[in-house]
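Please read the points below beside the sequence and the model. Each concerns one local feature or one overall total.

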Amino acid sequence: SGRPRPQRQAPSGGRAAAGPGPGGGDGRAGAGELWDLVAQNTRLFNPRKLPSIIAAAGKLPQSELQRRKELAAYLSRAHAAVESSGDPVRLLGAQGAVASAVGARRLGFAEGQQLSAALLSALAAEARRLDGRALAELAQELLKQRLADSELWRALAETAAERPQLGGEHAVVLLDCFRRALALGQRKDAAIQNLTRRLSSQEEGTGLDSKRLVQAVASISRMNNHMSPKLQHKALHVLIDRWLAQQTPGFEGTEPSQIVSLAVSLTNVSDFGDLKIESFLKDVAAWMLRDAIPRGKEGSGKLKDEESLVVLWALKELTPLGLGPYRELVVAVLELLRADGKLEGYSIMRLRQLSEVLLAARHAVGGAHEELEGRTADALAAALQGEGKCPPEMLVRIVALWNQAGAPFWASAPQLADAVMARAIAFSEDQAAVGASDLRPVFETLAASSFASSLAFETHRQMLYVAAVSRRDAHQSALASAIRMLEPRVPDRGGPSSSQEEGEREAVGPDAPGAGGRASIGGSRLSTPPPPPAELAVHLGALCRDGAPDGEVLGVVDVLLSSLDRLEDQELVPALEAVLSGSRRLLARLLALLEVVERLGDLIAVRAEALSTPQLVTAIDWFANIGFPYHFLFESILLVVLERHPVQGISYGQVLSILEAFAAVRLRIPELESLYRHLRRPHELARLPTMALVRFLSASSRLEIVEAPERDVREIVERVLAETTPQRPLPLESSVVLVQSLLLSGIVLPDRQMRHLLTWIVDTRVQQLSPQQLSVLRHYFLFLLAQPEARPRESLMRLPVEMQRFASTLLMHRSPAWRPGISDTTRLFREDVSAVLRASGRQDEGEALQLGPAGSTELRLGNRCFLLDGPECFFRPFGATPSYTPQERQRAWLFGRVLADDAARACVADFFPPAADWPRLQEVRRLSWLDWNRTRPGERLALLGPFDRQGGGS
């Protein structure tokens with residue numbers, strides 16, 4: 001049913017999207033033919049041409065589309081036609097209707113957005129009149145285009161549930177579509193349950209062939225959370241019995257893929273012990289021994305080696321005694337894998353299944369298959385070292401599995417042990433993608449299992465510990481306890497921790513109240529009187545974490561908002577942690593949650609003097625983590641901490657957390673300089689661990705509060721480098737952070753320090769660097785090469801040749817220049833600038849200027865280029881004349897040097913030859929969204945001028 005079929009009423013042209021494009025039978029018409037067709041259909045609209053016209057227009061450059069006003073007129077004409085005629089499936093087919101809705105939205109016209117909305121609305125209305133086949137086709141097209149329109153999916157679900165006769169085949173397809181739609185956020189449990197009942201009934205399910213029965217089992221088995229176990233088990237029993245009734249004895253003539261799919265599908269069912277499948281499993285094992293595994297004259301059986309592994313793993317999962325009853329089959333499959341298995345091509349998920357089979361086989365056959373275990377360990381090591389997906393829970397599962405083999409296994413698999421530690425360190429360093437809840441089981445498993453006895457753990461333990469304590473969330477109680485398990489046994493004078501800092505971490509972020517609030521709260525209807533607000537906060541976080549319906553979450557939010565004032569002082573920060581620990585991903589969607597967070601911030605700011613310093617630091621840490629620059633809270637906490645400082649003192653850990661929180665939200669106020677001066681004192685610097693020095697320099701340079709950059713930066717870098725040796729190298733992430741600090745501070749290190757710092761980076765492969773890290777290193781090398789004075793500009797030339805080659809390799813690498821995301825304000829501002837240029841007849845100008853690894857300017861007009869700056873380019877608070885961040889200052893400086901200075905461009909070209917072809921421009925100008933908005937619309941073009949008579953920039 002992949003190709004849409006026209007309805008019975010549809011004319012022969014109903015499948016417009018699958019037909020020829022404008023201007024020819026092959027759909028590759030030129031732009032001129034397209035515009036002729038657009039003009040013709042604007043005058044006399046033919047709905048069947050709509051999909052092909054939109055598809056052809058979508059392939060043209062956006063700049064050309066925006067110049068053609070006739071496309072907007074055509075889209076308006078199509079919008080009117082859709083609203084008057086309706087029934088887009090009847091006219092266009094499911095494929096054409098959905099493709100038109102998606103394509104119109106992507107054209108970048110307001111008229112296209114309106115047409116798309118009209119098509120989706122018409123589809124939702126028409127869906128209630130479609131038969132089962134058309135419903136299934138429409139659902140498949142929505143999934144193909146990943147279209148998550150709630151109104152349309154609701155109409156599909158309600159129609160599928162209400163339609164008396166869908167047809168068994170179409171019911172299976174719809175059930176599979178509703179399961180896959182869960183990934184789009186479309187949860188239709190009522191329709192899923194209705195279809196499941198119908199497929200297990202006599203009406204819909206009796207006419208299904210073997211293939212559709214297997215597909216139905218696959219869908220139902222994967223939806224444990226969307227139907228009751230009773231309904232699920234009953235449906236599976238019925239469907240499997242029907243499938244078995246259609247097979248010949250011994251599965252003679254049965255498609256092997258169906259047997260594999262059924263076996264794997266059953267492993268997804270919770271409490272599968274209730275299923276009466278013992279006979280089915282015995283038949284599968286006998287079939288594998290008899291027909292599937294033995295190699296014939298052509299050298300291959302019915303199952304490939306990987307498929308045989310999957311079935312054996314499924315038998316292990318589904319049999320209470322594991323692989324014990326299948327000893328003969330285990331021996332045969334392991335021999336097949338030894339002889340034919342290409343383990344290096346297996347995914348990490350498949351290698352995990354192989355690990356489970358090998359460990360279970362030890363008990364089944366009475367010993368270990370050492371050769372296959374060794375090859376599995378090597379394949380796992382290669383997979384972990386590669387760029388494939390391996391989430392933290394997968395790493396935990398792999399280590400926990402092979403923990404069953406004990407310390408001798410890890411001693412025999414040093415490459416795997418090294419790869420596990422490398423992944424764990426990478427997880428620790430990736431604060432953006434790996435949270436504390438994901439990281440804690442990694443640390444606990446490594447430290448508490450037999451893996452802790454491996455040479456790799458002892459060798460890299462210090463590095464993992466340093467990466468862990470350097471995280472912003474290292475002070476959270478749950479993660480802090482796991483980090484303490486990693487602490488090296490022998491204290492290291494230059495390590496990143498001290499007993500004082502550990503004591504502070506224990507005091508910060510007390511455990512939130514338990515989940516007892518869940519028992520006192522029944523669903524979304526709260527009993528009277530309501531529970532204490534601290535329990536409500538815990539319950540709210542749990543609801544958000546568990547993916548509860550929005551209505552249930554908002555019901556608890558309403559009650560919590562009305563009771564926040566009843567929170568005791570010492571309950572405020574735990575309540576904030578409880579809410580944010582589960583709701584961070586929902587804040588942008590449910591504004592009521594943001595109101596809860598803001599109210600808690602207000603209460604913490606007002607009662608700051610009653611809270612301890614660790615609690616205050618924890619509060620701004622949480623606000624920084626969610627990117628909420630609440631000026632009132634940050635300033636109130638900073639002033640209270642500074643007021644206490646002369647009497648109570650302040651630890652370096654607290655100072656660093658405060659500086660990092662302010663830097664994370666780009667909030668700079670004068671009082672921060674007091675904290676910088678406090679840690680800058682020689683006796684304070686002397687007691688800072690290495691990683692704390694790196695963090696201090698990074699936060700200070702991002703906030704641009706380093707008082708004497710030439711002196712202070714070089715001194716801090718010298719202290720960091722003095723603590724590193726070949727046996728204790730500086731981690732890659734910390735080395736890159738130091739380079740970033742140098743870039744933001746505008747410092748060129750002496751040759752000795754530069755050589756020492758780059759020693760820890762020069763052997764890094766480009767693939768090991770994140771896009772942000774690659775951008776930092778590229779920009780610093782360009783910063784050195786573009787210096788106005790000869791000696792610093794030639795500093796790279798004085799470095800060893802391998803370091804020069806490393807710099808050139810990074811600059812020449814094909815990876816595009818990385819740019820941080822922009823806000824909606826910036827995007828609208830830049831679109832407005834483009835619109836003004838188009839309205840002035842300068843639509844051919846104003847393109848971005850690409851400068852390779854240096855990035856790009858937003859606009860070029862003649863011999864000038866412009867940087868169009870939105871809020872993310874400035875420190876908060878913005879004020880009348882906002883201050884640029886050091887990142888933006890360096891960006892503008894670099895563009896000015898390489899575009900206006902021949903000597904700088906020539907030096908850059910020595911390491912990046914394409915720079916020789918960069919244009920020479922008169923100036924680089926900046927234009928902020930504030931200046932643009934302060935100027936009257938009729939005068940805004942002058943901000944981009946002057947222009948010559950031919951329309952270009954002068």
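**Notes on the predicted model**

1. Tryptophan 243 is buried, with a relative accessible area of 0% (buried means under 20%, exposed over 50% and partly exposed in between, with a 1.4 Å probe and protein chains only). Phenylalanine 280 is likewise buried, at 4% relative accessible area. The model is a predicted one, in which local features need pLDDT of at least 70 and side-chain atom pairs count only at pLDDT 80 or more, whereas totals for chains, interfaces and linings use all residues. Residues are numbered from 1 along each chain as its sequence is written, and side-chain values use heavy atoms, with hydrogens and water left out.

2. In total, the structure contains 23 aromatic pairs (rings of Phe, Tyr and Trp, the last by its six-membered ring, pair if their centres lie within 6.5 Å; planes under 30 degrees apart are stacked, over 60 edge-to-face and the rest tilted). One of them joins tryptophan 243 to phenylalanine 280 in an edge-to-face arrangement, at 6.3 Å centre to centre and 85° between the planes. Tryptophan 243 belongs to helix α13 (residues 229–245) and phenylalanine 280 to helix α15 (residues 278–292), so this pair ties together parts 37 residues apart in sequence. Helices (H or I, at least four residues) and strands (E, at least two) are DSSP runs, numbered from the N terminus.

3. The ring centres of phenylalanine 409 and tryptophan 410 are 5.2 Å apart and the planes stand at 75°, so this pair is edge-to-face. Both phenylalanine 409 and tryptophan 410 are buried. They belong to one aromatic cluster formed by Trp402, Phe409, Trp410, Phe451 and Phe457.

4. The charged end of arginine 926 lies over the ring of tyrosine 884, at 4.1 Å from the ring centre. A charge sits over a ring if NZ of Lys or CZ of Arg is within 6 Å of the ring centre and within 35 degrees of the ring normal.

5. Two packed helices are described by the angle between their axes and the distance between the axes. Helix α8 (residues 150–162) packs against helix α10 (residues 189–199) at an angle of about 30°, with the axes 9 Å apart (axes are lines fitted to C-alpha atoms, for helices over the stretch in contact, and angles run from 0 to 180 degrees between N-to-C directions). α8 is therefore roughly parallel to α10 (angles under 35 degrees count as roughly parallel, over 145 as roughly antiparallel, 65 to 115 as roughly perpendicular and the rest as oblique). Their crossing is left-handed, that is, the near helix is turned anticlockwise from the far one by less than a right angle, while clockwise would be right-handed. At this crossing, Ala157, Ala160 and Ala161 of α8 meet Ala191, Asn194, Leu195 and Arg198 of α10; contact means heavy atoms within 4.5 Å.

6. Glutamate 158 also lies in helix α8 and is partly exposed, with a relative accessible area of 30%. Its C-alpha atom is separated by 8.0 Å from that of arginine 128, 30 residues apart along the chain.

7. The axes of helix α35 (residues 672–680) and α37 come within 12 Å and cross at roughly 150°. These two helices are therefore roughly antiparallel to each other, and the crossing of α35 and α37 is left-handed. Leu672, Tyr676, Leu679 and Arg680 in α35 meet Phe696, Ser700 and Leu703 in α37.

8. Most residues other than glycine have a negative phi, and most peptide bonds are trans. Which residues depart from a negative phi here? Phenylalanine 251 has a positive phi of about 60° although it is not a glycine; it occupies the loop between α13 and α14 (256–266) and is buried, at 5% relative accessible area. Glutamate 704 also has a positive phi, near 60°, in the loop between α37 (690–703) and α38 (709–722), and is partly exposed at 31% relative accessibility.

9. The peptide bond from arginine 876 to proline 877 is cis, with omega near -10°. Proline 877 is placed in the loop between β4 (864–869) and α45.

10. Arginine 897 lies in helix α45 (residues 886–900) and counts as buried at 15% relative accessibility. Neighbours within four places in sequence aside, arginine 897 is in contact with Ala786, Gln787, Pro788, Arg793 and Ala904.

11. Overall, the protein chain has 47 helices and five strands, and buried residues make up 53% of its 954 residues. Among contacts between residues at least 6 apart in sequence, 74% join residues at least 24 apart.
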